[in-house]
Amino acid sequence: MPSAASRSWQQAWLLLLPALLLLIAFTHYPAVSTLIDSFFSTPKGSRPGVWVGLENYQVMVEDPVFWKAVRNNLWFAGATIPASIGLALLMALWVNERIAGRAFLRMAYFTPTVLPMIAVANIWLFFYTPQYGLLERIAGALGLAPHNWLGDPATALGAVTLVAIWKEAGFFMIFYLAALQSLNPSLREAAAIEGASRWYFFRRVQWPLLMPTTLFVLVNAVINAFRMVDHLFVLTRGGPDNASTLLLYRLYEVGFQFWDTGYAAAMTVVLVVVLASVALFQFFVLDKRVHYK
């Protein structure tokens, strides 16, 4: 007869087994398979892939479109991360106050988050459409010259960035709002008794206590900035002249349009390693600066 401890371990593993199988099948196995594929050429027809070593990585280093996508993605991340986090914090501070229509405002701010990205992209496509789009109507009413926002290389990436900020700010607002509501109300009362202004109370009390939430939101914002691809299919398809191509869209092009799976696997490995390194740095280095004992 197995002991009680043995039966307990067996029961624990049986309970974990469904989740463990799913994790292996859809996370660990694809990751290992992608790493292996990055060292092989792309199989074509009946000809299987052959070992090419680091050739796919060398092609990536020499690909000018890849480096343009890297620059675009860095610009995109540098704009969306602080803007979406800052806007989310402002919205959370506002709807946390006792104001008229607070429930409606919360719903309005969060609505873009629950909309599918393709639907969001189609909404903004109407805004950006030349001649009869909403922005063109407003510009015409103000006497401004018409402009093709998505067709101009100088403004295409900025237009895509604005959509991402509008989509993500409401999602991050929920975390900040939950954190604000978890703060002890006596802190605000004590600050009011001492005559502290709202700005001083936010800067010296609320903001430091919100740092753990900010770290969590920051990690998600960085990952989202480098995995954004949905709305590019509707808005620009990476154009014009790759002006709005981001890394994940370039990966899609290589893997599913050009069908170069070896090169696509190499880009996937590099992207995953970079994002994992950034996330680990944020959690293990920045985490020490944001939690208070």
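**Accessibility of leucine 187**

A residue is called buried under 20% relative accessible area, exposed over 50% and partly exposed in between, with a 1.4 Å probe and protein chains only. Leucine 187 has 34% relative accessibility and therefore counts as partly exposed. Leucine 187 belongs to helix α8, helices being DSSP runs of H or I with at least four residues, numbered from the N terminus.

Leaving aside residues up to four places away in sequence, leucine 187 is in contact (heavy atoms within 4.5 Å) with Phe201, Val205 and Leu209. Between the C-alpha atoms of leucine 187 and phenylalanine 201, 14 residues apart along the chain, the separation is 8.9 Å.

**Basis of the model**

The model is predicted: local features need pLDDT of at least 70 and side-chain atom pairs count only at pLDDT 80 or more, while totals for chains, interfaces and linings use all residues. Residues are numbered from 1 along each chain as its sequence is written, and side-chain values use heavy atoms, with hydrogens and water left out.

**Helix α5**

Helix α5 comprises twelve residues (117–128), which should span 16 Å at 1.5 Å a residue; the end C-alpha atoms are 16 Å apart, in agreement. The expected span is 1.5 Å times one less than the number of residues.

Met117, Val120, Ala121, Trp124 and Tyr128 are the buried residues of α5. Viewed down the axis of α5, these residues fall within an arc of 100 degrees, so they line one face of the helix; the arc is that of the directions from the helix axis to the C-beta atoms. Their cover includes α4 (102–114), α6 (134–141), α7 (156–182) and α11 (230–235).

Definitions and conventions
Helices (H or I, at least four residues) and strands (E, at least two) are DSSP runs, numbered from the N terminus.
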